[in-house]
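Let's take a walk through this two-chain model together. Have the structure open beside you as you read.

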Amino acid sequence: MNKQLAIDLSPYVEVTQSFKSSPDKSTKSEYVLTAQQNEIFAEATSAWQKYMASPEGKLLEEYVSQSDLLKIKEEVSKILNSDVFQLLKALLDKTGLDAGSFSIGLNIEVELIIGIAATIGVAIGVGDNKGLASSEFLTVAVDEGIDEGALAGVQFGLWTNAPSDLGGYAWATEAEGGFGVDGTVKVVYNGDDKEDILGVTVEVAVGEEDGIDEQETYTFILGSQSGSGDGFLKPAYQPRKNNFLIIQSVTCINTQSDGIGNANEVYFNFKADNEGKNYYYPTYDYMSMQGGDVWNCGRSVWFDSSVQVNLFDSDSIGNDSDPIGNFTINLSQLSLNTLTTFGSTINYSKGLDDVEYTIQVVLVATNVSHQ
Amino acid sequence: MSKHSIKITTITCNSTSESGHDEVYLICQSDAGLPIRFPDTINTNNPMSGGGTPWQVNLTLNFEYEVLVTLWDEDLSYDPNLATYLQSNDFRAGSGSGTIRLTNRNGADYSISYTYID
């Protein structure tokens, strides 16, 4: 299982879980592909089979089973550069095409407490939208009975909207297949409106995997060629490890004299056992603190032997934050259900004084079964 | 694996973090697992103002070791990147009922009432 990808997808699942199923959805659409759609999808699915048999395709499968969301997104963006898609691109380049964008996405299944079907894709402008900035997207559906796998297949889509306008809630259902199209055809509706067709997709499974007939999905625009839309969300979910602690509180002894008020805009990141990526708390934003303040943050952490916690002052926009505390917590320093205080002092030579913070940590469980 | 349950009964706003309303929603995370949002529908929140009607939350949370309840102010659309952190409280196993007051330096002042179920 690709654990990092599951963690990267977890915050999108949080959002996707926030929609309610709508009743009265038909199980099969009467929609029939137009000749133009049929021609494009037939060529796309044919080229895909050649691509997957090539060394590039084998490499892609490896990336999907091992890489994080950012890397897989980068690799998906390169797929259409392969020579096997030249004819497809010529078809998409025709003027008068009755579509706003075309997409290629990898269908990936991940088990994360619940089953997740995700499509990581790239959309390019076609027809009247030819030349518009492309977009990279992530579509998430929460499904029961997912097989724990990696690459489940590919999805090609022809959409009415421009590449940057594919985000939001949608609902898909299976439709009649097309002539020469070796895959499952689905009609995707915009939201709950059965009259508002967002697009048509064809999905080709890898191996024996059978597609899902109906799906409620939420699509996030992860980024675009024009540079707008940073849709990456930060994970909060952490897979279980042997031991469990809570960073119960952060105490400010003395703030950084940075000339921007007396308060520090405090957030922290942490990493367990020096593995994977950093987690953040608060996941977004910060907590304003001055000398004497205690922030009962209460963030819990699974770990085996150590946790590194780094405290920052978010005075600046983006990632340009000032470090205001560094703490290394080792299991050997903790006793079960006993509060332990860790201190940090940072001296800024240009500042007027030292920045001093402590964190209070309690170990709440050890040797937890988690397989 | 849940051994304990707590019900968040009401949340009262004593003061907001900004002028006008705070558009409040909760993110609840049990045992560092997959967080849930409340209200559980995209783009929904509970507008609250100081001294206004308490929010009848009545949300039961199950956990093994702890559940972290974070209050957020939803400023723009569903995107959590743009939300404002108000405050949080970590609940561990316990009994009875109580109220916890949470404040921040931006003026947010909220009271969370809860009842342990088991």
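What volume does the largest cavity have? The largest cavity has a volume of about 310 Å³, in a model that is predicted. A cavity here is a set of points, on a 1 Å grid over the protein atoms alone, where a 1.4 Å probe fits but cannot get out, and lining residues have an atom within 4 Å of a point. Grid points are joined across faces, edges and corners, and a volume is the space filled by probe spheres set on the points.

Residues are numbered from 1 along each chain as its sequence is written, while chains are lettered from A and ligands numbered from 1 in the order in which they are written. Because the model is predicted, local features need pLDDT of at least 70 and side-chain atom pairs count only at pLDDT 80 or more, whereas totals for chains, interfaces and linings use all residues; side-chain values use heavy atoms, with hydrogens and water left out.

**The cavity**

The whole structure has 2 cavities of 30 Å³ or more. Of the 22 residues lining the largest one, Glu14(A), Tyr284(A), Ile27(B), Trp72(B) and Pro80(B) are the closest to its centre. Two or more lining residues come from each of α1 of chain A and β2 (22-30) and β6 (66-73) of chain B; helices (H or I, at least four residues) and strands (E, at least two) are DSSP runs, numbered from the N terminus. By class, the lining has 14 nonpolar, 4 polar and 4 charged residues. In this scheme Ala, Val, Leu, Ile, Met, Phe, Trp, Tyr, Cys and Pro count as nonpolar, Asp, Glu, Lys and Arg as charged, and the others, Gly among them, as polar.

**The interface**

Now to where the chains meet. Contact (heavy atoms within 4.5 Å) links 45 residues of chain A with 34 residues of chain B. The two chains bury about 3,100 Å² between them, 56% of it on carbon and sulfur atoms; this is the accessible area (1.4 Å probe) lost on putting the parts together, summed over both.

Between chain A and chain B there are 3 salt bridges, each a side-chain nitrogen of Lys or Arg within 4 Å of a carboxyl oxygen of Asp or Glu. Asp293(A) pairs in this way with Arg105(B), their closest N and O atoms being 2.6 Å apart. On the side of chain A that touches chain B, α1(A) gives the largest share, 4 residues. That side divides into 27 nonpolar, 11 polar and 7 charged residues.

**Inside the chains**

Over all chains, the structure holds 15 salt bridges. One of them joins Glu203(A) and Lys186(A) at 3.3 Å, N to O. Glu203(A) sits in strand β7 (residues 197-205) and Lys186(A) in strand β6 (residues 184-190) of chain A, so the pair ties together parts 17 residues apart in sequence.

| Cis peptide bond | Omega |
|---|---|
| Tyr281(A) and Pro282(A) | about -10° |
| Phe38(B) and Pro39(B) | about 0° |

Pro282(A) is in the loop between β11 (279-281) and β12 of chain A, and Pro39(B) is in the loop between β3 (36-38) and β4 (46-48) of chain B.

Definitions and conventions
On a 1 Å grid over the protein atoms alone, a cavity is a set of points where a 1.4 Å probe fits but cannot get out, and a pocket is an open set with protein on both sides within 12 Å along at least five of seven lines; lining residues have an atom within 4 Å of a point.
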